[in-house]
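Hi,

Here is the structure I promised to pass on. Have a look at it first, and then read my notes below.

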Amino acid sequence: VTDELPATSGKLPREAAARWLSAAFFELLSWWIEQHTPMPPTELAALFNDLAQPVWPAQALDPAVPPI
């Protein structure tokens, strides 16, 4: 994850952002598994992208998104 992050994420240290994203993804997966009627994996991925957007720019999450 760290290598995928931009060299700088504003005031966020790169390593801290990588750890936060990894933990957030794991917790989101845990939540998804616990659901009685889980959403499709593509919706889960979109949800993670929306939640991670402030830390990880869209072009890092989806190469099809043009840089801002």
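What share of the contacts in the protein chain with a separation of 6 or more comes from residues 24 or more positions apart? The figure is 31%. Do keep in mind that this is a predicted model, so everything here is computed from it.

The protein chain has 3 helices and 0 strands, and from the N terminus on the order is simply α-α-α. The chain has 68 residues, and 21% of them count as buried. As for the surface, the protein chain exposes about 5,000 Å², with 64% of that supplied by carbon and sulfur atoms.

Next, the aromatic rings. The count comes to 1 aromatic pair. Its partners are Phe25 and Phe48, arranged edge-to-face: the ring centres are 5.1 Å apart and the planes make an angle of 75°. That angle counts as edge-to-face because the cut-off for this class is over 60 degrees.

Where do the two rings sit? Phe25 belongs to helix H1 (residues 14–34) and Phe48 to helix H2 (residues 41–52), so the pair ties together parts that are 23 residues apart in sequence.

Phe48 has a relative accessible area of 10%, and it counts as buried because the limit for that is under 20%.

Cheers

Definitions and conventions:
Residues are numbered from 1 along each chain as its sequence is written. This is a predicted model: local features need pLDDT of at least 70, side-chain atom pairs count only at pLDDT 80 or more; totals for chains, interfaces and linings use all residues. Side-chain values use heavy atoms; hydrogens and water are left out. Helices (H or I, at least four residues) and strands (E, at least two) are DSSP runs, numbered from the N terminus. Buried means under 20% relative accessible area, exposed over 50%, partly exposed in between (1.4 Å probe, protein chains only). Contact means heavy atoms within 4.5 Å. Accessible areas come from the Shrake-Rupley method with a 1.4 Å probe; for residues, only the protein chains shown count as cover. Rings of Phe, Tyr and Trp (its six-membered ring) pair if their centres lie within 6.5 Å; planes under 30 degrees apart count as stacked, over 60 as edge-to-face and the rest as tilted.
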